[in-house]
Amino acid sequence: QVQLVESGGGLMQAGGSLRLSCAASGRTFTNYARAWFRQAPGKEREFVAAINWSGDSTYYADSVKGRFTISRDNAKNTVYLQMNSLKPEDTAVYYCAARTAIATKHALYNYWGQGTQVTVSS
């Protein structure tokens, strides 16, 4: 079975850093684009960052540019999200996703993890 499992979430003070990981199993996602989305209570799931299969093309939401970095290790079938200078508005459940080509719309992704909670206190 195909599984994407996020980890690394938790509670952090504003200005701190967290590194999220998403490990895949059940199939190899080497040739798939990978992305991170987040969803806060009462809000729609929003795009955070995406990376193409080779890692030479990335996209970021304006709200996280300069603070978050997406990367991948295809040998480990894993994608990462380094989150620096965290703000309270970053508080959300963070989900990793995969599809055959890079995109920023959540509806276009067909593989999803279960999510990991990130809470940033002021």
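Glu 46 is partly exposed, as its relative accessible area is 37%, where partly exposed denotes the range between buried (under 20% relative accessible area) and exposed (over 50%), computed with a 1.4 Å probe on protein chains only. The structure is a predicted model, in which local features need pLDDT of at least 70, side-chain atom pairs count only at pLDDT 80 or more, and totals for chains, interfaces and linings use all residues. Residues are numbered from 1 along each chain as its sequence is written, and side-chain values use heavy atoms, with hydrogens and water left out.

The side chain of Glu 46 meets that of Arg 38 in a salt bridge, with an N to O distance of 2.8 Å; a salt bridge is defined here as a side-chain nitrogen of Lys or Arg within 4 Å of a carboxyl oxygen of Asp or Glu. Side chains of opposite charge can pair when their charged atoms come close. Arg 38 counts as buried, at 5% relative accessibility. A salt bridge also joins Arg 38 to Asp 90, the closest N and O atoms being 2.9 Å apart. This pair links distant parts of the chain, since Arg 38 lies in strand S4 (residues 33–39) and Asp 90 in the loop between S8 and S9, 52 residues apart. Asp 90 counts as buried, with 0% relative accessibility. Arg 38, Glu 46, Arg 67 and Asp 90 are linked in a network of salt bridges. The structure holds four salt bridges, one of which is formed by the side chains of Asp 62 and Lys 65 at 3.1 Å, N to O. Asp 62 counts as exposed, at 65% relative accessibility.

The protein chain has eleven strands and zero helices, these elements being DSSP runs numbered from the N terminus (helices, H or I, at least four residues; strands, E, at least two). A disulfide, defined as a pair of cysteine sulfur atoms within 2.5 Å, is formed by Cys 22 and Cys 96, whose sulfur atoms are 1.8 Å apart. Because Cys 22 lies in strand S3 (residues 18–25) and Cys 96 in strand S9 (residues 92–99), the pair ties together parts that are 74 residues apart in sequence. Both Cys 22 and Cys 96 are buried. The count comes to one disulfide.

Strand S8 (residues 78–83) contains Leu 81, which counts as buried at 0% relative accessibility. The side chain of Thr 78 reaches the backbone oxygen of Lys 76 at 2.8 Å. With residues up to four places away in sequence not counted, Thr 78 touches Ser 21, Cys 22, Ala 23, Arg 34, Arg 72 and Asp 73.

For the protein chain as a whole, buried residues make up 42% of the 122 residues. Along its principal axes, the C-alpha trace spans about 40 × 30 × 25 Å.

Conventions:
Polar contact = N/O pair within 3.5 Å; in protein donor to acceptor, adjacent residues only side chain to side chain. Contact = heavy atoms within 4.5 Å.
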